[in-house]
Each structure stands twice: as structure tokens, then as C-alpha cells.
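The sequence and structure come first.

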Protein chains: 2
Amino acid sequence: MTTKDRISGVLSPVVTPFKSDLSTDPDRFVRQCRWLLTQDVGLAVFGTNSEANSLSTEEKIELLDRLVGAGLDPARMMPGTGCCALPDSVRLSAHAMKLGCGGVLMLPPFYYKGVSDDGLFKSFAEVIERVGDRRLRIYLYHIPPVSQVPITVGLIERLLKAYPGIVAGAKDSSGDWNNTQAYLVNFGSQGFDVFAGSETFLLQNMRNGGAGCISATANINPGPIARLFATWKEADADQQQAKLDQIRGIVSRYPMIPALKATIAHHGGDASWATVRPPLVALTPEQRASLVKELDGAGFTMPGLKDSGVKN
Amino acid sequence: MTTKDRISGVLSPVVTPFKSDLSTDPDRFVRQCRWLLTQDVGLAVFGTNSEANSLSTEEKIELLDRLVGAGLDPARMMPGTGCCALPDSVRLSAHAMKLGCGGVLMLPPFYYKGVSDDGLFKSFAEVIERVGDRRLRIYLYHIPPVSQVPITVGLIERLLKAYPGIVAGAKDSSGDWNNTQAYLVNFGSQGFDVFAGSETFLLQNMRNGGAGCISATANINPGPIARLFATWKEADADQQQAKLDQIRGIVSRYPMIPALKATIAHHGGDASWATVRPPLVALTPEQRASLVKELDGAGFTMPGLKDSGVKN
């Protein structure tokens with residue numbers, strides 16, 4: 001079940017463009033986000049694949065301001081606002097609410113490992129209480145391979161009881177369908193919207209009552225992923241899913257974030273898009289050539305990207 | 001080998017006091033740091049045990065300013081300045097240099113996992129280049145159980161070659177003596193100072209050319225740990241080590257940070273010291289009572305703590 005006025009569908013953890021001095025590039029960012037919206041894909045900016053955890057809080061606030069200032073619809077935005085430090089999570093979430101964002105995607109504090117559900121509950125509760133805005137919609141971000149701090153069913157249960165309506169859903173990037181299913185079975189009937197962490201599980205998620213997906217690959221393959229979301233009940237859904245899996249499979253053979261950026265650089269005709277911030281490293285020329293060739297072989301295109309002015 | 005004018009000895013990753021509203025408590029912080037200095041223990045503020053990753057960059061800057069403003073010697077300070085985001089690491093490290101800190105203890109960016117030594121090299125190199133201060137002394141912080149991102153021998157080799165003098169040493173919190181030894185054997189003769197991550201390895205580290213230790217337990221047992229550092233060549237060194245191990249062993253049976261804070265609260269007569277920030281949780285009353293009893297049974301005391309005005 002999805003609730004009215006809630007974000008659903010396909011969202012992209014939008015990759016963050018950097019200038020050659022590694023500073024953020026708001027102009028390119030606005031253009032990329034605008035192009036994604038034309039593809040019916042929402043803006044989960046500041047996700048893992050956005051290199052969000054390589055950005056300062058000030059940089060995130062500036063980028064978000066620039067998006068909204070450029071006239072992009074904040075209702076389509078679900079910025080990542082979960083940081084290690086409580087004051088940063090509060091500041092970012094409150095700012096997102098002030099701008100009218102449709103929701104926020106919240107990592108648990110991820111430095112300290114082996115923390116209790118009690119501590120995580122208190123952490124999310126403090127953010128909610130301090131933001132103090134009934135419009136707040138929090139999507140819990142479960143990505144144990146990276147954060148190493150899981151969002152358990154028990155934790156969601158406590159949060160939903162304490163903050164119904166505000167705790168609005170989750171993104172499951174565990175890659176474990178059993179976990180996604182556990183979220184759906186336990187909380188799907190309570191207005192808790194479950195997003196798969198990649199389009200790999202999009203069809204399965206929709207068939208089991210999910211709300212869509214938030215996927216790295218939506219940065220480069222937004223149209224076809226959004227089309228499956230829009231038409232998942234139609235006869236060709238499994239065929240669509242297979243085609244999406246093929247593209248995802250190719251990209252997954254390379255380091256994800258550099259591969260996404262290299263693909264945008266290639267198809268947008270804008271080499272500077274390939275820049276990543278340390279500790280990540282860009283693809284080698286050999287990796288880039290091989291990726292482009294593999295994607296070309298699968299008939300991959302990025303329609304409208306060049307026209308959208310992604311290039312400076 | 002340790003180099004002149006370099007920090008050596010015992011340092012404490014000073015626990016950070018919070019008020020009941022979870023804001024930082026600079027007054028208590030200054031008093032605690034002053035007491036530690038009277039015990040011949042240096043100030044590795046903003047370490048893992050300082051809940052540093054639950055503090056915003058602004059909060060760290062304010063606390064550091066308060067310490068120096070209160071007249072504490074910045075040469076005795078090795079603040080933790082390694083953050084996920086490059087701009088934060090640069091800002092904090094530059095600020096520490098401006099204040100004249102003896103060094104900085106630097107975590108690698110720790111959100112993204114499985115990153116390459118190339119990417120980590122670039123990350124540290126960018127910080128060094130952007131701070132642009134020849135006085136900078138970086139101590140690399142290896143704590144794989146928490147950061148999940150290791151500081152390998154190969155990485156240190158590259159950094160030492162590129163930035164001799166600036167890359168000044170490491171703290172090894174792996175708990176693996178073989179790793180500490182590898183640092184010592186490979187780099188000990190190059191002016192690279194190796195600090196053990198706890199006093200458990202203090203004597204062994206000194207006997208193998210190490211520079212001291214940076215230990216959580218130095219928050220509560222600073223005098224005896226500093227005495228072993230000062231007298232490690234004397235006949236009773238093994239006995240001293242055994243006594244340190246006994247105290248450490250007791251504390252280690254409890255969650256470390258809450259246990260340190262509960263101990264300071266008890267021996268300082270100041271209950272508010274027990275406050276931790278989420279996602280950590282304070283000890284239960286039962287845990288607290290049991291910890292105090294165990295420490296009392298081992299003859300544990302915190303001389304001078306109450307007199308130092310740790311209590312408000």
C-alpha cells in the first residue's frame with residue numbers, strides 16, 4: 001500500500017558532479033536533475049551513489065538550495081540527510097523540510113558499530129523531535145554492506161509505533177530479497193513504503209506491494225526503469241525486467257560510482273563528469289572503453305541527455 | 001626512534017561531556033583535559049572514544065578553541081581531524097594547525113568500503129596539499145574494527161615517500177600486535193612514530209621502538225599508564241603492565257565509552273558525565289554498580305579528579 005501524497009516510483013541517487021578542483025558543480029547538478037525529472041525519475045540526491053558522504057553538510061545545503069532555486073519541484077526530492085553526527089542530520093533534515101522536500105532518506109549514524117536498536121531508536125527519535133515538523137517523511141536507509149549498521153524489523157516496529165506517518169518507509173539496499181519481503185509483510189499495511197535498493201528487485205517489489213525503487217542505475221537508465229514501474233502489471237513486464245537486468249549487470253562489473261559518471265561523461269559528451277572525489281578513483285581509460293563498448297553492445301542509449309544541456 | 005619536538009608518550013582520546021540536552025559541555029571538557037595534563041597524559045581529543053563522529057565539525061572547532069583559549073598547551077594536543085568528507089578533514093586540520101596543535105590523528109574517509117590504496121593516498125594527499133602547512137604532523141589512524149578501512153603498510157610507504165616529516169606516525173587500534181610490529185619494522189627508522197591503540201601493548205611497543213600509546217582507558221587511569229611510559233626500562237615494568245591490564249580488563253567487559261563516562265561520573269561525583277549521544281546508550285544502573293564494584297575491588301582510584309573541579 002502506498003499513501004496519497006507520498007513519493008513513489010523510481011528515484012535516482014543522483015551522482016554529484018565535481019569541478020577539476022574537486023569542488024561541487026551546482027550548474028551541472030541542476031541540469032542532470034532536470035534531465036532525470038524529464039525521464040519520470042525522482043531525485044534521491046545525497047545517496048550513497050551521490051558520494052554524499054564525501055560532501056560536507058554546507059555543500060549539501062548549497063546544492064539543495066540550488067535545485068529548488070532553479071525551479072525543480074521539491075516534492076520530487078528525497079535528499080539523504082542521515083549523517084554520523086546528530087546535529088548534521090537535524091540540520092539537513094530541517095532544511096529539507098523548509099524547502100518542502102517530499103521526504104528524506106536517512107542512514108543510521110554509521111561510524112560506531114554494533115550499536116543497539118535502543119541507541120538507533122533514540123538517534124532517529126532525536127532527529128524527529130528536533131526537526132519538529134509534522135510534514136517530515138523519513139525513509140529509513142538499510143544498506144548493511146556499506147553502513148554496517150542495519151535497520152532491523154524490530155527497530156522499524158518501534159519507530160512506526162512512536163512516529164506513525166512521519167516514519168514513512170525504507171530503502172532496502174541489502175540486496176537480500178528476504179529482508180525486503182520482511183519489511184513488506186510486517187509493515188506494508190501500515191502505510192510504510194518499501195523501496196527496493198535497485199531495479200533488480202523492482203518488479204518483485206511491485207508484485208508484493210512495494211512503492212518502487214531507488215537505484216544507482218537510474219542515473220543512466222532512468223527511462224526504461226521508470227517505464228517498468230509505470231507498466232509493471234502489463235504482459236511484457238518480465239521482459240522489461242530482463243532488459244534492465246542486462247544493463248545493470250554490465251555496469252555492476254565496474255566500480256559503480258565511477259562507472260555511472262563515466263557513462264554520463266560519454267553519452268553527455270562532457271568528459272569532466274568523470275571526476276570523483278577521493279577516496280574513490282575514476283575508471284581507467286581501459287575500463288571506460290570496455291564499459292562503453294559493453295553498453296553499446298546491449299543497445300544502451302541516454303535519450304535527451306545531450307539536448308538537456310548536460311554539457312557546459 | 002622518535003623525533004625531537006614530536007608528540008610522544010601517553011595520550012587520551014578524551015571523552016566528550018554532554019549537557020542533558022545533548023549539546024557539548026565545553027566547561028567540563030576543559031576541566032577534564034586540564035586534569036589529564038596534570039597526569040602527564042596528552043590530549044588526543046576527537047578520537048573514537050570521544051564520540052567524535054557524533055560531533056559536527058563546528059562543535060569540534062568550538063571545543064578546540066575553548067581548550068586553547070583556556071590556556072591549555074596546544075603542543076600537547078593531537079585532535080582527530082579525519083572525516084568522511086574531504087572539506088571537513090581539511091577545515092579541521094587547518095584549524096588545528098592555526099592553533100598550533102602538535103599533530104592531528106587522521107581516520108581515513110570511512111563510509112565507502114573496499115576503496116583502493118590509490119584512493120586513500122589521494123585523500124590524505126589532498127588534505128596535506130590543501131592545508132599547505134609544513135608544520136602539519138599527521139598520525140594515521142588504523143582502526144579496522146570500526147572504520148572498516150585499513151591503513152596498509154603499502155599506503156604508509158607511499159605517503160612517507162611523498163610527504164616525509166608531515167606523515168609523522170600512526171595509531172594502531174587493530175588490536176593485532178603483528179600489524180603494530182609491521183609498522184615499527186618497516187617505518188620505525190624513518191621518523192615514523194607508532195602509538196599502540198591501547199596500553200595493553202604499551203610495554204611491548206616501547207621495547208620495540210614505539211612512541212607510546214593512545215588509549216581509551218587513559219581517560220580514567222592516566223597516571224599509572226603514564227608512569228609505565230616514563231619508567232618502562234625499570235625492573236617493575238612487567239608488574240606495572242599487569243596492573244594496567246587488570247584495570248583495562250575490567251572496563252573492557254562493559255561498553256567502553258559509556259563505561260569510561262560512568263567511571264568519571266562516579267569518581268568525580270558528577271552524575272551528568274554519564275550522558276552519551278545516540279547511537280550510544282549509557283550503562284544501566286546495574287552495569288554501573290557492577291563496574292564501580294569491580295574497579296573498587298582492584299584498588300582503582302582517580303586521584304585529583306574531584307579537586308580538579310571536574311564537578312560543576
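## Terms and model

Helices and strands here are DSSP runs, numbered from the N terminus; a helix is H or I with at least four residues, and a strand is E with at least two. The model is predicted.

## Symmetry

Chain A superposes on chain B by a rotation of 180°, with 0.0 Å of shift along the axis. The RMSD is 0.0 Å. That is the relation of a two-fold axis. In chain A, Tyr111(A) has the C-alpha nearest the axis, at 4.0 Å.

## Interface

Of the interface residues of chain A, 100% are also interface residues in chain B, so the copies meet through the same surface. Chain A gives 32 residues to the contact, and chain B gives 32 residues.

On the side of chain A that touches chain B, helix H3 (86-99) and helix H4 (117-131) each supply at least two residues. H4(A) provides the largest share, six residues. By type, that side of chain A divides into 18 nonpolar, seven polar and seven charged residues.

Most peptide bonds are trans. Against that background, two bonds deserve attention.

In chain A, Pro278(A) and Pro279(A) are joined by a cis peptide bond, with omega about 15°. Pro279(A) sits in the loop between helix H11 (256-268) and helix H12 (285-297) of chain A.

In chain B, the bond from Pro278(B) to Pro279(B) is cis, and omega is near 15°. Pro279(B) lies in the loop between helix H11 (256-268) and helix H12 (285-297) of chain B.

## Positive phi in chain B

Most residues other than glycine have a negative phi. Phe46(B) has a positive phi, near 65°, and is not a glycine. Phe46(B) belongs to the loop between strand E2 (42-43) and helix H2 (57-69) of chain B. Is Phe46(B) buried or exposed? Phe46(B) has 30 other C-beta atoms within 10 Å. The cut-off for buried is 20 or more, so Phe46(B) is buried.

Gln148(B) also is not a glycine, and its phi is positive, about 65°. Gln148(B) is in the loop between helix H5 (144-147) and helix H6 (153-162) of chain B. How many C-beta neighbours does Gln148(B) have inside 10 Å? The count for Gln148(B) is 18. Partly exposed covers the range between exposed, at 12 or fewer, and buried, at 20 or more. Gln148(B) therefore counts as partly exposed.

Technical notes. Residues are numbered from 1 along each chain as its sequence is written. Chains are lettered from A and ligands numbered from 1 in the order in which they are written. This is a predicted model: local features need pLDDT of at least 70, side-chain atom pairs count only at pLDDT 80 or more; totals for chains, interfaces and linings use all residues. Copies are superposed by least squares on the C-alpha atoms of residues with pLDDT of at least 70 in both. Two residues are in contact if their C-beta atoms, placed from the backbone, lie within 7 Å. Ala, Val, Leu, Ile, Met, Phe, Trp, Tyr, Cys and Pro count as nonpolar, Asp, Glu, Lys and Arg as charged, and the others, Gly among them, as polar.
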